[in-house]
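Student: I would like to go through this structure feature by feature. Please give the general idea each time, then the case at hand.

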Amino acid sequence: YRKLGDIKSLVALHVRKERWHEAITLAEQNPGLVDLSGLYTPYAEWLALADRFDEALDAYRKSGKPDQAQHMMQQLTLNAVVESRFKDAGYYYWLLATECLKVASLQSSNDDHALRTALPQYRDRLRNADIYYAYNLIDSFFLPFTPTQPEALFNAARFLINRLGNTDAPAGISRAKILYTLATQAKHLGAFKLARFAYDKLQHMKLPEDLDLDTLELDILAIRAKPLRDNPDLLPVCYRCGASNPLLNPAAHRHSGTHGTSTYCGGHDICTSCGHPFVRSFLDFDILPLVEFVPESGIDDNTALDLIREPPPRTTPTTATARLRSKIHDDDDDDVASREGLASSDDLFNKCIQKNLANSSSDSSIPVTVDTDTLRSLRREQVYVCKPIAPQMRATFYFNSLPDVHLAISHHRFFHEEDFEFDVLRQGRCPFSRVKAQDLGDTGPC
């Protein structure tokens, strides 16, 4: 076939022998003779039969048939839920969310109507992805042995209850298991008031068969002997307004037909005082010291990044800086300059926060708006940027209020840097998006 120059027959021969790499290479080298998009469809079907689903999804996309890719992902998601592979279900929901946004972005190259229509579906699928990903920790608690730490189980249970609110839980999610995990870990960590609340809720539910009813009844009696208070060290603090929050948002238990009033798709996992969404680490679900902000109108994303990356200007000492200088008078000049710049940055950013708090409420959160001077004053090692989810949308900026807490970011999800690096080294991929380590790119601040 090669000597005859019959490339089509040679490609067909490779396909019959399932030598797909050679067939695709030939098709790419001869684009006018072989329909490359038509070749990817049988290749995707072959990959799916071989249980190589991620590669099959990529092949369907290259074949120009995103509808088949979505159908396949929906089937994989359903199978994962039925088989109680909740981490896989979260991953496939994340793929579905990104896929629907990619399709909408291609359709709305001239008109953003398709993108606006797809955003509610994107947020709903992303919400399910987060819920299934967190519920995987809860499900691991009911195994004979679990490596998950009590703090991570406690945080994940609170995250799920706040995220679900009073809405219907996705298929396979057991509220009873979430509450039982929460009650058990709350009792262990000294949150006795919260544990009593969870046990009271469990008494009004139909419990799963794998819960030991005798042990549960003993726990309900034992918690009555504990003081009706929570360990104050466990109370979450909002890093925007500084207010202490209850362990569970009371709004999550009010009768409401919405997923939450915040523009963030996180439901009621927000500050009860200012409405700022809590940003959590997606390994232990600890609340991170991040404050969302946006550049003022007229400043695009690239200009904002350029301003942040500029060296902070030397300013006249403020009152806070003067106090700082008096405490570190014996330090060297470079260290003093560094600390003064940090204090100046905090001063300007805190002024923007105070201005924002005067115009926001617990019912609706408005991101902090910063001007040019504030952007210049920010230290780039304290700023994290989430790339736009679609070409027509803006990036999301976060300010790290505690620079000593080192963080990592991957696909709009944050992690403690040390935990993230350890997990990537152990698995060779991102724990949430499953992108290979060599393809992750920069996961640090600006």
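Tutor: Two strands pair if DSSP finds at least two bridges between them. Helices (H or I, at least four residues) and strands (E, at least two) are DSSP runs, numbered from the N terminus. This is a predicted model, in which local features need pLDDT of at least 70 and side-chain atom pairs count only at pLDDT 80 or more, while totals for chains, interfaces and linings use all residues. Residues are numbered from 1 along each chain as its sequence is written, and side-chain values use heavy atoms, with hydrogens and water left out.

Student: How many bridges join strand β1 to β2?

Tutor: Three bridges connect β1 (residues 290-295) with β2, and the two strands run parallel. P295 is placed opposite V370 in β2.

Student: What order do the strands of the open sheet have?

Tutor: The four strands are ordered β2-β1-β4-β3, with mixed pairing. At the edges are β2 (368-370) and β3 (383-386), each pairing on one side only.

Student: How should I read a nonpolar core?

Tutor: In soluble globular proteins, nonpolar side chains tend to be buried together. A nonpolar core is a set of buried Ala, Val, Leu, Ile, Met, Phe, Trp, Tyr and Cys residues joined through side-chain atoms within 4.5 Å. Buried means under 20% relative accessible area, exposed over 50%, and partly exposed in between (1.4 Å probe, protein chains only). Here the largest core has 90 residues, and those touching the most other members include F154, L160 and F285. Helix α7 (residues 113-140) supplies the largest share of this core, 13 residues. A second, separate core has 18 residues, among them F293, L305, V368 and L378.

Student: And how many salt bridges does the structure hold?

Tutor: Side chains of opposite charge can pair when their charged atoms come close. A salt bridge is a side-chain nitrogen of Lys or Arg within 4 Å of a carboxyl oxygen of Asp or Glu. The structure has 12 of them. In one, D88 pairs with R434, with the closest N and O atoms 2.5 Å apart. D88 is in helix α6 (residues 86-107) and R434 in the segment after α16 (417-427), so the pair links parts of the chain 346 residues apart.

Student: Are D88 and R434 buried or exposed?

Tutor: Both D88 and R434 are buried.

Student: Which parts does the pair of K187 and D219 tie together?

Tutor: The closest N and O atoms of the K187 and D219 salt bridge are 3.1 Å apart. Because K187 lies in helix α9 (residues 175-189) and D219 in helix α11 (residues 213-223), the pair ties together parts 32 residues apart in sequence. K187 is partly exposed, at 26% relative accessible area, whereas D219, at 13%, counts as buried.
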